[in-house]
Amino acid sequence: MNNSIQIKHLHARAGFGIRFNELHDQQNWSVKKAVKKLFEASEKTEPLAAIDENIDLRFKPLMQNDGEKRALQEERNRQERLLNEGWLKQLSETDAQLREKMTLFWHNHFSCNIGNAKYQQDLNNIERANALGNFKTLLLQVSQSPAMLQFLNNQQNQKGHPNENFARELMELFTLGRGHYTEQDIKQSARAFTGFAFNGKTGLYAFNPRVHDDGPKTFFGQTGNFTGEDILNIITANKQTAVYLCTKLYRYFVNEVPDINHINQMADVFYKADYEIKPVLEYMFLSDWFYEDKNRGNLIKSPVELLVGLNRQFYITYQNPDVLLQFQRTLGQVLFRPPNVAGWPGGRNWIDSSSLMYRMKIPSTILNAGVIDFAGKATPEDEAYLASQKKQRFNIINRVQAVPDWNKFLNEIPLDTSHLQIAEFLLQPKLNNVIIDEVNKSTDIKAVAIQVISTPEYQLC
Amino acid sequence: MRRREFLKNTALASGAFMMPAFLKPFEAMAQGELSGYKNLVIIQLSGGNDGLNTIIPYGNDIYYQKRKTIAINKPDIIKLNDMQGFNPSLSALKEIYDQGWMSIINSVGYPNPDRSHFRSMDIWQTASDSDKFLTTGWIGRYLDSNCQSCKNPYTAIEVDDTLSLAMKGANMKGIAVQDPNKLYQTTREPFFKDLVNNHTDAHLNEDNLGYLYKTMTETYSSADYIQKTSKIYNVTASYPATALGNQLKTVSKFINSGLQTRVYYVSLGGFDTHVGQQNQQGRQLQIYADAVAAFIKDLKQTGKLDDTLVMTFSEFGRRVEQNASNGTDHGTANNVLVFGGKLKKPGVFNDAPDLTQLDNGDLKYQVDFRDVYATLLDKWLDVNNSQVLNKNFNGLALV
């Protein structure tokens, strides 16, 4: 029994890709055993601890001069970089792959973009701690996190002056999805969330009864003196919340084109388990349809998935982590800076003319100073280009300052492995003739690896 | 009529009336036919710009009653007529307005408005009804219509790192170019050229892999053309040092170098002013006005203003009454601003918004945004609007 195709697919989706020796060890395992192992590796939670100071809690003089303002902004920027680097490092190094992959899912689901790195880190840790736990717990903790309260203006949501921002996004994006609530439901539930606030002096959640509207509200046909907690309970009692979340999970893990049948199966499991996340993921990873041809090698990697996959496969260390931030910017996904409340739209939206070319060029830039081996006949123009690339080599090395551990990568691959087998291992879609031709003519395994990760095929998982 | 003149006229007549457009290869068009090549520049203000504090209905007392702390004081308003005036942050546009290069269309929206940023932006970008979901954008469908002048992948350029839904059709899509030279350099890689030149049609099917190869192929033809055409022209006019200023400067470079692009798309965010609106919106409006004024003056100088139309929109306006945090919440109808050298009715195009007949505290729309699009498609981009908008709209007497 050789399950290498299924196991490789499982790790491409539930994590950020498998390594050659790991696949070799696991190829005879049953899918069930591989899934069990995946969850075991994610049992522990390591919170992100890149930021230890909340800048907003400092004593603030009433008047600040321009120099002081600039210094403060620079500190904020420094924290933001540290936070971004910290998570990217964790994504690239931890064994808890599924937990991080789900944290990334929740990071996009509970999209939040604010200037306070400490609050962002707290929210990220809530998402990590509950990544495989219970969605209802996660939802309540997110709703009471300073990051979300600030981002969706619930600090300004007060009795007599409701601010509907949080109530609207809660139903539209976090739980039910559009078309499953009315404008009236938004107006009424916004009143219930008055008082959900954090204390500006401690930076911690503290319900504020003085601004809470405790009058009766009518929400989804029920009337009562509802609190925010009550509203969340009514929303999750509605099975549409399970359907909406499973649709998103399906599109994240299986296929961008939803299969209503499969999604309803998942929603049944999720709803019956009272929103426990682990059972529904297990159900999905153990379903035969998860491994069907049409569901393999057809998801477009997000930029972060692309970069993390490279880091893991080639054991890359960055002497200047700012470079990773630059790559994220270029490719259109900076962690902790989603474009809006709906998060990154994903799928084909990652790809346009510019981003595709950058995505194909970045792997060789990190691993080989931008040089990609080329077996075809070089025209004079090609020769000129290659010569100029070689000339720039040191320039690129100095700018990128990334060191892959080639020995580690090469040692994992048995000597008798063919070029074609390496290409098949690194790519999820089937190989085309141009790639087969190129890798067969290539001089060594390193050159093969760089060619293969510089293709449109490598953009898929 | 002399014989030569007669021949010339009949040749023109046959070209215009007898030969179907698609039989005439684009490249064969004479240079003369290309002058007068019309460009549309779309500027998207993201976040829901508060139209009532942009073009201010200062002549209506309700405005001051509903906006106790965020109304703009009468003396500060740059008056356009006895009802409406500019936010002072738009001062750079006054000169443009006075020259007759600006039209303000009030109360533009659509039936059953949606107050979600994403949904409403999708509605504007896809030109759908508010209860229908389209996955293609209106400029994308214009590209799909395969009209005489819109079949190149560089027909529509977004000066940005990523491409908006508006620019994506079912078969064709626009190209995102922030820096033409950078894009061109990445396409010189011999290994990539090998992949592009030798892949087979089997790679061009409907799945994501086919999509990647198709995108790559189109990028190659466009990057080459854009780089080679645009590098001959340098913009000499000065632009403000803002992201939008730089983007419009790039658009100017493209237009003035004679790029055969019909649609340019740029955007500016930061308009979601729930809190502390006056400062935040003022800053963004000034960035907008300074960049647009520089762009319009530049085009006038180079003789391209008559061939260019600029349209600014936002996904929705904001509620008439302010909120308790000195901001405004999501609303509905909004103004659309149009600039160009050939406007039929410069100035304020239609009546100021009606602040008495509200729908749930929000403005009722008077002009469907698709009538604005229809005008641009019919009169400026030479394609029948029903082909792109899925039904026929009458349009406006704008250009």
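Me: How does strand E1 (residues 39-45) of chain B pair with E8(B), and over how many bridges?

Reply: Start with the general idea. Strands of a sheet pair through backbone hydrogen bonds, either parallel or antiparallel. Strands here (E, at least two residues) and helices (H or I, at least four) are DSSP runs, numbered from the N terminus. Two strands pair if DSSP finds at least two bridges between them. In this predicted model, E1(B) and E8(B) run parallel and share 6 bridges. Gln44(B) has Ser267(B) as its bridge partner in E8(B).

Me: Which strand also pairs with E8(B) over 3 bridges?

Reply: Strand E6 (residues 156-158) of chain B does, in the parallel sense. There, Glu158(B) stands opposite Tyr265(B) of E8(B).

Me: In what order do the strands of the open sheet in chain B lie?

Reply: The order is E2-E4-E3, 3 strands with antiparallel pairing. Strand E2 (55-56) and strand E3 (78-79) are the edges, each pairing on one side only. E2(B) joins strand E4 (residues 85-86) through 2 bridges. Ile55(B) has Phe86(B) as its bridge partner in E4(B). Chain B has 13 helices and 12 strands in total.

Me: What share of the contacts in chain B join residues at least 24 apart?

Reply: Two residues are in contact if their C-beta atoms, placed from the backbone, lie within 7 Å. Among contacts between residues at least 6 apart in sequence, 70% join residues at least 24 apart.

Me: Is Tyr220(B) buried, exposed or partly exposed?

Reply: Tyr220(B) is partly exposed, with 19 other C-beta atoms within 10 Å. Its place is in helix H9 (residues 208-230) of chain B. Leaving out residues up to four places away in sequence, Tyr220(B) touches Thr187(B) and Val196(B). Thr186(B) is 34 residues from Tyr220(B) in sequence, and their C-alpha atoms are 9.6 Å apart.

Me: Which residues touch the most other members of the largest nonpolar core?

Reply: A nonpolar core is a set of buried Ala, Val, Leu, Ile, Met, Phe, Trp, Tyr and Cys residues joined through C-beta atoms within 7 Å. The largest has 158 residues, and Val452(A), Leu93(B) and Val292(B) touch the most other members. Helix H11 (residues 277-302) of chain B gives this core its largest share, 10 residues. Domain 2 (45-133) and domain 3 (303-459) of chain A both contribute, so the core lies between them. Those bounds come from an automatic or database domain assignment. Beyond four places in sequence, Val452(A) has contacts including Ala423(A), Leu426(A) and Tyr458(A).

Me: How many residues of chain A are in contact with chain B?

Reply: 43 residues of chain A meet 41 residues of chain B. H17(A) gives the largest share of chain A's side, 8 residues. By class, that side has 16 nonpolar, 18 polar and 9 charged residues. Here Ala, Val, Leu, Ile, Met, Phe, Trp, Tyr, Cys and Pro count as nonpolar, Asp, Glu, Lys and Arg as charged, and the others, Gly among them, as polar.

Me: Where in chain B does pLDDT stay under 50?

Reply: pLDDT is the predictor's confidence in each residue, from 0 to 100. It stays under 50 over residues 1-35 of chain B, for which the model has 10 contacts beyond four places in sequence. Chain B has a mean pLDDT of 88, and 90% of its residues reach 70 or more. The model scores ipTM 0.93 and pTM 0.80.

Me: What are the ground rules for numbering and confidence?

Reply: Residues are numbered from 1 along each chain as its sequence is written, while chains are lettered from A and ligands numbered from 1 in the order in which they are written. As this is a predicted model, local features need pLDDT of at least 70 and side-chain atom pairs count only at pLDDT 80 or more, while totals for chains, interfaces and linings use all residues.

Conventions:
A residue is buried if 20 or more other C-beta atoms lie within 10 Å of its own, exposed if 12 or fewer, and partly exposed in between; C-beta atoms are placed from the backbone.
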